[in-house]
Amino acid sequence: MAIEKITMPQLGESVTEGTISKWLVSVGDHVNKYDPLAEVMTDKVNAEVPSSFSGTIKELIAGEDDTLPVGEVICLIEVEGTVPQKEQKTSDKTVEESAPKTADSQSNKSRYSPAVMRLSQENNINLDTVTGTGAGGRITRKDILAVIEKGGAAEVKETPASTVQPEAPASTVQPEAPVAAAAPKTKQPVPVVSAAGDQEIPVSGVRKAIAANMLRSKHEIPHAWTMVEVDVTNLVSYRDSLKTEFKQKEGFNLTYFAFFVKAVAQALKEFPQMNSMWAGDRIVQKKDINVSIAVATDDALFVPVIKQADEKTIKGIAREITELAQKVRTGSLKSEDMQGGTFTVNNTGSFGSVQSMGIINYPQAAILQVESIVKRPVIIDNMIAVRDMVNLCLSLDHRVLDGLVCGRFLARVKEILESTSKEKTSVY
């Protein structure tokens, strides 16, 4: 018999870690190859981790709610192999005896994942002062988030004032003291005290993952914002004239949102700079136009992707919007449904919003908020007319994009939408 390792898989682009939300097996269970072992949660998707082998579960390395980097061992499986079990045990014993447990714990503790390093640097946390709860004392993202929730006070206290004062006269140290004291205050959360009748809701793994991704986006991306208003009176009239017949014929709704996604995809093809990502020492301009759309549930937000949206008809896009939304709400969305997005379009208008600033879906360079279509008085040929108007709000990564290209891109989207009509536009 031989012992094989199951590791944390990479469940999406830019995903560096995952959280074990639920084990589906126990120690001693026999599993077949491809049987699900655990449910894993990332900032992009919930998915099951399949077994790579047939055998018996030997040990569950990670516990539920533990967050581990991609590639980290989560469990051990005993399978048939060329290594005899006795030899394996002898080898394991030799390894254990060759290194004390304290040294092993210290070695594991000093191995930090990229996510742990990033969070600690962003929040000025000294990793030497953090007690790890992972395998072998390893510090996980969960440990860092726990320190952040406490305001990082433990890390600040590790540098006592007595070690600073004797090195210089009081007159020299005194002016610097306010600066040193002010820095950690910016990291302190506002204390929230629960009163009688208040309800305390534990933060779920999904909500923590969303929070971490949003924090990363706001910390790393210099956001800028711009908006245009669009007269979609002809579009509304055209869609309303088709919706009943379309639903009877196709079996799904022809939504306004499908027209907006199609217009954005067409404009992205004409302005490929908008379909880019920041990669540190270079900007990656993506060839495929894959439009991410935001779909919300009661407690989470998912961003599935419409692949090659520029090559699809309005009907095709409407079908994919319906299918992806259904997958999200039934919990059947797969990791591949979330991968490859290059630009995000968010239908904030479905909530009645008329103006908002979206947080960019990292590592993309922009997100477009499609607001609610409302009737407003406008001036046409020096006369007041009631028209169907919508605001398009664009958040952009100012490292990648400048106002000129974004202005031209939005102007083109506006032109496409305002020219949409029965005479000029086909949904098929």
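**Close-up views of a predicted model**

Figure 1. Pro 363 is placed in the loop that runs between strand S16 (343-346) and strand S17 (366-370). In this predicted model, the peptide bond that leads from Tyr 362 to Pro 363 is cis, and its omega is near 5°.

Figure 2. Two residues with a positive phi, Gln 308 and Asp 381. Most residues other than glycine have a negative phi. Gln 308 is not a glycine, yet its phi is positive, at about 45°; Gln 308 belongs to the loop between strand S15 (305-306) and helix H11 (314-330), and with a relative accessible area of 26% Gln 308 is partly exposed. Asp 381, which is not a glycine either, has a positive phi of about 55°, and Asp 381 is found in the loop between S18 and S19. With a relative accessible area of 71%, Asp 381 counts as exposed.

Figure 3. The packing of helix H10 with helix H12. Helix H10 (residues 256-270) packs with helix H12 (residues 403-418) at an angle of about 135°, and the two axes are 9 Å apart. H10 is therefore described as oblique to H12, and the crossing of these helices is right-handed. On the side of H10 the contact is made by Phe 259, Phe 260, Ala 263, Val 264, Gln 266, Ala 267, Leu 268 and Glu 270, while H12 contributes Phe 409, Arg 412, Val 413, Ile 416 and Leu 417. Sorted by class, the contact of H10 with H12 has ten nonpolar residues, one polar residue and two charged residues.

Figure 4. A salt bridge between Glu 270 and Arg 412. The closest N and O atoms of Glu 270 and Arg 412 are 2.8 Å apart. Because Glu 270 lies in helix H10 and Arg 412 in helix H12, this pair ties together parts that are 142 residues apart in sequence. Glu 270 has a relative accessibility of 38% and so counts as partly exposed.

Figure 5. A salt bridge between Glu 229 and Arg 376. In this pair the closest N and O atoms are 2.7 Å apart.

Figure 6. A salt bridge between Lys 375 and Asp 388. The side chains of Lys 375 and Asp 388 meet with an N to O distance of 3.1 Å. Lys 375 lies in strand S18 and Asp 388 in strand S19 (residues 383-397), so that this pair ties together parts that are 13 residues apart in sequence.

Figure 7. For the model as a whole, the count comes to 16 salt bridges.

Conventions. Residues numbered from 1 in each chain as written. Predicted model: local features only at pLDDT ≥ 70, side-chain atom pairs only at ≥ 80, totals over all residues. Heavy atoms only, no water. Axes fitted to C-alpha atoms, helices over the stretch in contact; angles between N-to-C directions. Helix = DSSP H or I, 4+ residues; strand = E, 2+ residues; numbered from the N terminus. Parallel < 35°, antiparallel > 145°, perpendicular 65-115°, else oblique. Left-handed = near helix turned anticlockwise from the far one by under 90°. Contact = heavy atoms within 4.5 Å. Nonpolar A, V, L, I, M, F, W, Y, C, P; charged D, E, K, R; others polar. Salt bridge = Lys/Arg side-chain N within 4 Å of Asp/Glu carboxyl O. Buried < 20%, exposed > 50% of the residue type's maximum accessible area, 1.4 Å probe, protein only.
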